[in-house]
Amino acid sequence: RLIRRQRQMCIRDRINGVLKGAEEISGNIREKYCPDRRTSVWRVNALYYNGSYVLSGETDNKDAIEEFIDTIHKEFPGIEFSNEIKLLPDDAVGEFSFGLPMNSVATLRRSPSVTEEIVTQTLMGLPIEILKKENEFFLVRTDDGYLGWLSDDRIIQGNDSLRKSWEESPKVVFIDIEGTVYSTPSINSQPISDCVLGNRFKFVNKKGDWVKVGYADGRIGYIPDREMMDLEKYLSKPIDPEEVLKTASKLIGRPYLWGAASTKAMDCSGFTQTVFRNNGYLLPRDASMQVNEGIEVDTTNFPINLKPADLLFFGPYPDKITHVGIYMGDYQFIHCAGKVRIDSFDPKAKNYNEYRRKALRRVKRITKVD
C-alpha cells in the first residue's frame, strides 16, 4: 500500500509538473502575441483529463497557437497532447464574421450580459469583426481594435458579400454633433433614426439640399447636405489644431459616462478619440493606449513647448496613465471629467485645476503621416 501511494504521488507530481510547465509556456506566448486583453484573446491552458493531456481554450491569433503547440512538444517530448484550442472566429460564427452596428451608437460590455460594465462604444457604419456568440451576444472587435460583447439584435451580420457591398459603396459621414435621418427630404417627415458625429451611410444621391442615404440593413433616409461629408474627404483631412479645438469645444457640457465614446456621452479617452477621429486621426481607445501615439513634447519650462491640440496625459504615477485631455493654449485645457469642460493650469485662474496640474505626466503631439 505504501509503494502504491508513493507511485500515485509520483504520477501526480509528474502531471502537475507538466501542467505547470504548460502554464508558464502559455504565459510567455500571451506576453509575446496577445499582451493586452483589451485588444486580443489568449485563454489557453493544459488539462489532464481521463488519463490524457489536453490543450484547451481559445485565441484569435493563429501564430500564437502554432508556437504554443510547437514549444509544448519540444518541452515535453514523448508526451501526447490532444489539441482542442479554438481559433476565433469560431465555428458558430463561421464565414459570417463581418458586422455593422444598426444604431447610431452601439454599446459593448465586458461580458455577455446587459448588466455588465460598459467597456467601449462604436458607431453606425463602422465595421466590426465578430469572433463568437454566447447568450445572445457577440464578442466583437471594433475598428480601433477593442474587444467587447455586443447584443446580437444591434448588429447587421454577414459574410464577405456584405463586407464587399459595404466597402465598395460610396459613403458619406455625418459631421454635426447630433441629428435625425428623415423618411423624406423634409424635417416634418417621419424620422428613420437619430445620428451622431461620425456615423457613416451609403451615398444614394443628392436631391437639392438633401442627401439620400442608405443603411446597411436596407433602410433609406434623408439628411441635410450641410451635415454630411464625403467619406474619402473625411478620412483625408489634415490635423488642423484649430479644427481639433473647434470640434472639442462643441462638446462642452456633454456628460461623462464610463466606457462611452460618442457625442451623446463619453469618458475622458472617448472624448479625445471622438474629437481626433473626426479630425483625420483614429486614436486607440484608452488613455493608457493613446499615450503611446504621436511625438513626445518636452515639458521643461511648462507650458512653453506646448501647442494647441497637444494631448495631455495624467496619472497618479509617471508610469500609470488614467486620464487624458487636450491643450488649448494660454494654460487652458479641455477634457471630460464629470462633463466636458475647460480647466486651467494657471493658479490665478478661476478654473484652475490644481489636482490635474500635479498629476500631469506626459504630453504628446499627434501628427498624420502621409
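**Hairpin, sheet and a buried proline**

Biologist: What makes β21 and β22 a pair, and in which sense do they run?

Modeller: Strands β21 (residues 332-337) and β22 (residues 339-344) are joined antiparallel by 6 bridges. Two strands pair if DSSP finds at least two bridges between them, so β21 and β22 qualify. Strands are DSSP runs (E, at least two residues) and helices are runs of H or I with at least four, numbered from the N terminus. This is a predicted model, in which local features need pLDDT of at least 70, side-chain atom pairs count only at pLDDT 80 or more, and totals for chains, interfaces and linings use all residues. Residues are numbered from 1 along each chain as its sequence is written, and side-chain values use heavy atoms, without hydrogens or water.

Biologist: Which residue lies in the turn of that hairpin?

Modeller: G338, with a positive phi near 85°, in a hairpin that has 1 residue between the strands. A337 stands opposite K339 in β22.

Biologist: Why are β18 and β22 called edge strands?

Modeller: The open sheet has 6 strands in the order β18-β23-β19-β20-β21-β22, with antiparallel pairing. β18 (295-296) and β22 each have a single partner strand, so one side of each lacks a neighbour in the sheet.

Biologist: How do you know whether P112 is buried or exposed?

Modeller: Its relative accessibility is 15%. Buried means under 20% relative accessible area, exposed over 50%, partly exposed in between (1.4 Å probe, protein chains only), so P112 counts as buried.

Biologist: What does P112 touch beyond its neighbours within four places in sequence?

Modeller: P112 is in contact (heavy atoms within 4.5 Å) with E134, N135, F137 and W149.
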